[in-house]
Amino acid sequence: MDLLSQHAYLIAVLPVLAFGAVLLLGQKAPGRGAYLPIAALAIGTVWSIYLCARIHSGAALPQGRLLWGVGSTGFYISFLVDGGGAAMLTMVCSVALLIVIYSQGYMRGDAHYSRFFAYLSLFSASMLGFVLSSNLLLMFICWELVGLMSYLLIGFWFHKPEAARACKKAFMTTRLGDLGITLAVVALYHEAGTLDLRVIFEKVAAGGLDTPMAFWIAMGLFAGAVGKSAQFPLHVWLPDAMEGPTPVSALIHAATMVAAGVFLVWRTFPVFAATADYALMPYCAPFWVALIGGFTALFASTMAVVQDDIKRVLAYSTISQLGYMMLALGCSALFAGLFHLLTHAFFKACLFLGAGSVIIGTHHVQDMRKMGGLRVKMPVTFWTFVIATAALCGLGIPGVVGLSGFYSKDAVLAAAKVAEYPGEVAVVLYGFGQVGALLTAFYMTRCVMLTFMTSPRDAHVFEHASETPRCMTVPLVVLAAVALSGGWAGHALQGFVEDHPGYRIESAESWLAEHGQATAALEEAQARAEHQAHRFVELVSFGCILAGVGLGVALYRGGPERADALARKPVLALLHLVLVNKYYLDHAWAAFVRVVVRFEIALAFVDYWVVDGIVRGVGWSTLRVMRWSWAFDKWVVDKVVEAFAWAAGGLGEVLRQTQTGSVHVYMTVTAGVAVAGVLATILGSVWVFAGLFGVCVLGAAGWHAALVGRRTV
Amino acid sequence: MLFLFPELILCGLGLGATVAALFCRGRGAGRWALYGFFVCLAGVVTGLCLLAYAIDLGPEATGQLTPEFIARTFAVDPLSLFFSTLALAVCGLAMLFSMEFVEEVLEEHPAEFLALIAFASLGIACVARSRDLITLFFSLELVSISGYLLSGMLRREPRSLEAALKYFLIGAVSSAIMLFGMSLIYGLTGATDLRVLRDAVGEGHLHAVGQLAGVRMVSSQDPMVITGILCIVVGLGFKIAMVPFHMWCPDVYEGAPTPATAFLSVGPKAAGFVAIVRLLMLTFAPSSGPVPWAQPVLWLCALTMTLGNVVACRQTNLKRMLAYSSIAHSGYILIAVVSLGSADLALPAIVMYLIAYVLMNVGAFSVVIALSNIEGREDIHAYNGLSKRSPYLAYAWVIFAMSLAGVPPTAGFLGKLYVFMAALDDRVRLYWLAVVGVANAVISVWYYFRVARHMFFVEGVRTEPIRVGRGAGWAIGLSLAGTLVLVPLFPWLISFATSAAQVLGAW
Amino acid sequence: MGFMLGDILESLGQPVGLRHCLVFAALLFAVGLYGVLTRRNAIGILMALELMLNAVNANLVAFWRYGPGPREALNGQVFAVFVITMAAAEAAVGLAIILALFRLRRTVNADEVNLLKG
């Protein structure tokens, strides 16, 4: 294996180094802190593209174990890059790179400019580490690091109370999911005896995990993913996370945080697959993944319809898109899920950075109601935003060509369509996705209409709006280009990911083979069904998108008034109220938190009187023991140590005397020992050596004494 | 020739500095030192790339890329390439930390100082390369002779001259003894090629006899062989300051100009250990039957550690203290040398320890140099209150002291860990030696941190801030980075050491 | 143990061969070593050192002539030539140091140079 593949882990280490350097150097770092992360991520991008090329050319998968220790004892960290991992690395590095470049413009003049870049660097590093590692413990560490960095970055403007609240909320909510993943990791270690994914999956493939346990482990892992990837019902933190700087939102939504959850399910899918027994629907983990995912896809898009804050629209859209990915994974369409994750990363980053560009261009206006007509003022932002929107809606001509979202979303929907769940369940899952797609087209059209089209509603905002600097528009253009064309690589990518599986897909495939896709005839039938489903889905989606876009344009052609009027109609008003209040889920969580806090107050009493009492008792008795121990220490241990020190010092003083300063003594000892040593070794006797050595030392000493004596005389 | 790149750089550097010496005085020399540093830096980077290339190619192909007449006496395996690069790095660091010295202190012949450093480094690199007794000896001699001159560089300074004289006389005697040993070995086998010698000495390699025309097989128990090998041990023992051949070491280190001391404490020692690896561990260690040098060296190793540390406790001059500390460090590395049975652990341990030792010792000496450039003295009271005068120096010292004493998370800790692991291996079971080593490490904490105590808790007479010179400051920074980041954070260094040592073991 | 004194003395009666050369070289080396250890004058020590190195040369050449190695391989000869060169270099460096010392302290007595000790 060549050196670059062997040390692929450095892709994650470099941004860590950049983080450390920027943190230490502060404003004195190159580019006031921006250049080092940019350099690290640029190297990472090139490196991961190189890895892709290597893997594609059929070289061995880059993997290794970093060793701290000697021989068989030691501490290992292992990493592995397979096709999917390499694609993820490329995506994370490149998107993060563009976002960091963009941030130079967005954060200009911020008081903590360099710290922001340090954080961004570590944020990307932890995500890269997560993708690289093939050990659950390291994955978990990186996972938590991702959470921590999102906390720090969402709350980057911590002096804003909303930001402080939002980062707390994000951290606490995802922690709730992490509880699941912690338990799952512990349980997995208990069951498999190791945290190395390779070994675990071998065990799983060999049927070494009993199904109920596997189910709970899978659900624990999924709980973590639900938290991180903002799935129902733990999605509440994501819209609030919009309080952070927009590049952070882009990073969270595209490359790092929410992608981590989906990637976790993707990576550990064999554990999920081990429970896939359709006769026992409630104990089938992929089913829950699909159900939660599909539901979230629809659920979040309904809320996106009524948002007025441009970033919040995008936030709900992210939740919904993550739902699609989960849906695909739950239907065991592993590639479709990953593919959508990758394409989504690019167009969502483009959308967020576009929104950020709008916010900067309009001097911090986020309310779409105050915008309108900005296409004139911000042409680059407008066009990139439109392209990314079209990609998000999945626009394309069925059977001919389309934007990146067209391919990936249709792959997801087709997967839901042909999923092996019993008829009505599959229909429901597919229905979730398809209606969600309709709504997606609608709310994104609404967003574009309100922001860029129509006539300006706030003259002041419109007057002062201007295009953003080059360092912000260039990343937009690059991202839009990928959003436009990324889907065309779909087939190649599928081949790449599935032809170069790590441990992951191998075991998943063995499971797929077991479940009736083994024979050629069946496979062919399956392929035909899938093809038909694909055609069908493409056509239906196309209709949905046209309907959504058409509805959006029709409703918002003249600004938001007509829609507002519609929202005042009796039934719709009620619906509107529910949607605006986010189905009262935030209220429910708040109530839950209040109950928990009450409970905690009660626990605090117990703690104070019972637990603390015991602790105080133990402390008191320990103190007694300590007194004795102290006396022992002082009078016995210390004395022994002092004796040693005294002996060492004394010995040193004695030995010092041998260093007389006379070169003759030195030479005599050197030559004498040589002669004595040779003779003693030949004659095989230590005594000869001792005797001769004694003679040498005495001779040297006598010689020295004679010299000194002569000089005094 | 490609893989001799570091040697070519060093050779060019030495010749260049010699020419520069013709027309360069005072401040100009500092600039030359800086140029030298950058040349070495570029060389190190290129050397590392070559190293990667060589590892990728494998030993066979690398050998084929080298002309035969060179490959006969110069090895091009990854480990030797690595040591050459290390020599280049040592040279670069030495150029850096002697920058202020050649600018301000050394009025006459400043550029010669740099040339000598380059030539000595060339010697170190060649020692690592040698696969022939003749080449090995003369490479060692190149290091030594440059060393004599370096230590006597201050010609108006009686202490410097005394150091040079002592170094020269003892060095000459011990190299004469070593040469005598080598002549015996040559005489008995009729060969100077180390690979042939390896096959000729000892019963373990009888199968190779047929191929060695004109080479006589000898027993490792032959008195002449023992005499020869022990004479070589004496010569190498002098190089690494093994007790009782260490007696030159404190005097020379104290008397020589501080930058020269700093260089001498890492350069010749590294050369000595590389030669020990080549000669004692890989050539004169028959795989069956007793190893003639093992038992004496085992005892001397324990003595070396103990004497070095115990006497260092009683020193008040920092250079002298570091001299005894360097004797002690030789003792630690010797643990790995005598743990011959677990060679797959011992060789990487030596490599790791040498890297760590070079970094931390250069760092510690650079602190001494930085202060002695200002104060002109090295006794411990010059360090009183240093933390207020220059926090950079004081904290850097603490890190280097931690590393020298073997406290995690520093490079020195990893080095010691490896060495002790090699001794504790099941095939060797030198438990008592490891215990002696750990006890010594504990003793060493005391004297390293006594200096830190003076820096942080004793009020100094002088309080004005110290402006650390550019060269010494950079050298400290680089060593700090190496001690704290490079070695502990990059486990592939360890895996490299292991794999390279394995390649060499099959050499 | 083919190293015994009797053996050596007996073989010395035979025509000149390896044994003679080796005994001569060993004696020369011993004389040199004795000189190094006993001379007080640094230049004297240097001269004694030359004796030691020449003993080595005698050894090398004798081994080349009578030893087991092939005569065509000039190892021993080459080694000896290099040792001569090195001896010259060492003498030059040593004399330079001694000269500088003499200029500074008006002595070439190696024992009086003992500022550094302990």
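**Note on cavities and nonpolar cores**

1. A search of the whole structure finds 6 cavities of 30 Å³ or more. A cavity is a set of points, on a 1 Å grid over the protein atoms alone, where a 1.4 Å probe fits but cannot get out. The structure is a predicted model, in which local features need pLDDT of at least 70, side-chain atom pairs count only at pLDDT 80 or more, and totals for chains, interfaces and linings use all residues. Residues are numbered from 1 along each chain as its sequence is written, chains are lettered from A, and side-chain values use heavy atoms, without hydrogens and water.

2. The largest cavity has a volume of about 60 Å³. Its lining residues (those with an atom within 4 Å of a point) include Phe137(B), Tyr148(B), Met178(B) and Lys239(B). Helices H8 (133–151), H9 (158–189) and H11 (223–240) of chain B each give two or more residues to this lining, and H8(B) supplies the largest share, 5 residues. The lining comprises 5 nonpolar, 5 polar and 2 charged residues.

3. The largest nonpolar core has 254 residues. Such a core is a set of buried Ala, Val, Leu, Ile, Met, Phe, Trp, Tyr and Cys residues joined through side-chain atoms within 4.5 Å, where buried means under 20% relative accessible area with a 1.4 Å probe and protein chains only. Phe113(B), Phe284(B), Trp293(B) and Trp397(B) touch the most other members. Helix H16 (residues 343–375) of chain B gives the most to this core, 22 residues.

4. Apart from this core lies another, of 209 residues, including Ala273(A) and Tyr430(A).

Methods:
1 Å grid on protein atoms, 1.4 Å probe; cavity = no way out; pocket = protein on both sides within 12 Å on 5 of 7 lines; lining within 4 Å. Points joined across faces, edges and corners; volume = space filled by probe spheres on them. Helix = DSSP H or I, 4+ residues; strand = E, 2+ residues; numbered from the N terminus. Nonpolar A, V, L, I, M, F, W, Y, C, P; charged D, E, K, R; others polar. Buried < 20%, exposed > 50% of the residue type's maximum accessible area, 1.4 Å probe, protein only.
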